[in-house]
Amino acid sequence: MKQLFSFFKRKTTERTKPARIINHQLGPKVLDPNALKIIKTLNANGYQGYLVGGCVRDALCGVKPKDFDVATDAPLEAVVKLFRRSRIVGRRFPIVHVRFGRELIEVSTFRRSMSDKVVQDDKGMILRDNAFGTLQEDAFRRDFTANALYYDATNNEIIDFVGGVEDIEAKQLRFIGKPPTRLAEDPVRILRAIRFAAKLSFTIDPAILKLVPETAKRLESIPPARLFDEFLKLFLSGYAEIVWRQIYRTPLAKALFPTCDPTSELVMAAMRNTDDRIKSGASITPGFLVAVLLWDDFQARSQEDDIEDDPAFVVLKDQQSSVAIPRRFGTFAREVWMMQERLQSRNLRSVERLLTHKRFRAGYDFLCLRAESDTALEIYAQWWTDFQEADENGRKTLMDQLPRAPRKRRRSRKKRKPGEGDVHEAGDS
Ligand code: ATP
Ligand code: MG
């Protein structure tokens, strides 16, 4: 432990001469052939080209990279000319997307962070940054030391200006530069820290963790659509439970989902369930987690007497200012919520029909998950499990167990004469 803290105290040494590491396990076997092809083409046209960021970090950790990023000194316009299926995307940080079949590789021109072209707000948050720079400047504008390593395919070297290789070996996540400045420039970096630490079992620098509360507040100024992208990466990458455990006791949970009770057992169970589904190759949708995270609020709103709008609509609308939920996932959540009541009441006439509803599966999974933390719901979950597995006779038996709905009193069809049957209070004339 002592060693760990002294390690964190080490300052990011601003190496002008980078370390060049050759005894590593990377190479064409681990790395993506298409990304290496891009680098070859760049080199053949007189440009530098390196693999950078998550792919180098993950590969060094023995994890298969999920995508590949290339950094180059070629201007974006020159990059687009070199690759047939490519285009410039992004306004805040423009980059080039190059497609190879279904694979997408992101190519970015070296940038620097200290320049009059970097637009910041009064709190130091970077609004735009498209000042181009050298390889070294590009390394220093990146967030974590582990994310600032360049793989040079021409000589199989890793170029390291910031001590990233040592940090990876020690499984430490540290910012390049001072944590308060780096978090003020971009508060989303706190979520990135938690995500990378969860994915790679790294320890986060305590100096970063200390800033969680104030950074959580700053997330208010981040566009909700960007937070949705980050939400997807945090919770739909196979390590949602670790991420949730890291944030649920901090103000980050409320910053993302203000109405959610972070200690809810249902939420924790859903995170675990999402990870299990990913591991087993089952399908996942963000809509399901949205339904879980906003369920308590939906229930509370549904019980309000004076609510005029559809409670689901109000719940989803209020959420939009933190993590914006795209409409189709909001609709999914609403359908899952609406199904809960129907799954519990098991109306005899609509039981079979419910089974064919397009959200039956999700609604049923949601009910089972709720039953894990609420024993009163177990009978409903079990009934539906049995019903799905039963043959025709079995289903009939299960239906016979259901309580008959009390018969509705039929209205008399006899036409009433005006005034007949009206109730008169004593004293009425
Ligand atoms: P993954 O692809 O697994 O999510 P990654 O590290 O590749 O992880 P990307 O979002 O693809 O993350 O970004 C690629 C690289 O760009 C990062 O490794 C980092 O060097 C740099 N980068 C991305 N976002 C930021 C940011 N907000 N601040 C500073 N540097 C960033
Ligand atoms: Mg990446």
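Start by selecting Asp 297 and Arg 301: they sit four residues apart in helix α16 (residues 295–302), which puts about one helical turn between them. Helices here are DSSP runs of H or I with at least four residues, strands are runs of E with at least two, and both are numbered from the N terminus. Before you click on, note that this is a predicted model, where local features need pLDDT of at least 70, side-chain atom pairs count only at pLDDT 80 or more, and totals for chains, interfaces and linings use all residues, while side-chain values use heavy atoms, leaving out hydrogens and water. Residues are numbered from 1 along each chain as its sequence is written, with chains lettered from A and ligands numbered from 1 in the order in which they are written.

**Stop 1: around Arg 301**

Stay with your first pair. Asp 297 and Arg 301 form a salt bridge whose closest N and O atoms are 3.3 Å apart; the term asks for a side-chain nitrogen of Lys or Arg within 4 Å of a carboxyl oxygen of Asp or Glu. Asp 297 is buried, at 10% relative accessible area, and Arg 301 is buried too, at 16%. (Buried means under 20%, exposed over 50%, and partly exposed in between, using a 1.4 Å probe and protein chains only.)

Asp 318 itself is partly exposed, at 36% relative accessibility.

**Stop 2: other charged groups**

Which residues are joined into one network by salt bridges that share partners? Select Arg 57, Asp 58 and Lys 199 to see it. Then jump to Glu 185 and Arg 189, another salt bridge, with 2.8 Å between the closest N and O atoms. Both of these residues are buried.

**Stop 3: the nonpolar core**

Zoom out and pick Leu 51, Phe 235, Trp 244 and Trp 337. These four have the most contacts inside the largest nonpolar core, which has 95 residues. Such a core is a set of buried Ala, Val, Leu, Ile, Met, Phe, Trp, Tyr and Cys residues joined through side-chain atoms within 4.5 Å. Color helix α8 (residues 189–200) next: it gives eight residues to this core, the most of any contributor. The core lies between domain 1 (2–171) and domain 2 (262–401), because both give residues to it; those bounds come from an automatic or database domain assignment.

For another core, apart from that one, select Met 339, Leu 377, Trp 383 and Leu 402, which are among its 17 residues.

Back to Leu 51. Leaving aside neighbours within four places in sequence, Leu 51 has contacts (heavy atoms within 4.5 Å) with residues including Leu 31, Phe 68, Asp 69 and Tyr 150.

**Stop 4: the magnesium ion**

What are the protein donors of the magnesium ion? They are Asp 67 (OD) and Asp 69 (OD), lying 2.7 Å from it. Donors are N, O and S atoms within 2.8 Å of the metal (3.2 Å for Na, K and Ca), and water is not among the atoms, so sites may look incomplete. Asp 67 is partly exposed, at 32% relative accessibility.

**Stop 5: Asn 34**

Select Asn 34 in helix α2 (residues 33–44). Is Asn 34 buried or exposed? It is buried, with a relative accessible area of 16%. Beyond its neighbours within four places in sequence, Asn 34 is in contact with Phe 100, Glu 103 and Ile 105.

**Stop 6: two loops**

Most residues other than glycine have a negative phi. Lys 171, in the loop between α6 (164–169) and β11 (172–173), has a positive phi near 55°, and is partly exposed at 37% relative accessibility. Ser 201 sits in the loop between α8 and β12 (203–204). The phi of Ser 201 is also positive, near 55°, and this residue is exposed, at 54%.

**Last stop: the whole chain**

Clear the selection and show everything. The protein chain has 22 helices and twelve strands, and 47% of its 429 residues count as buried.
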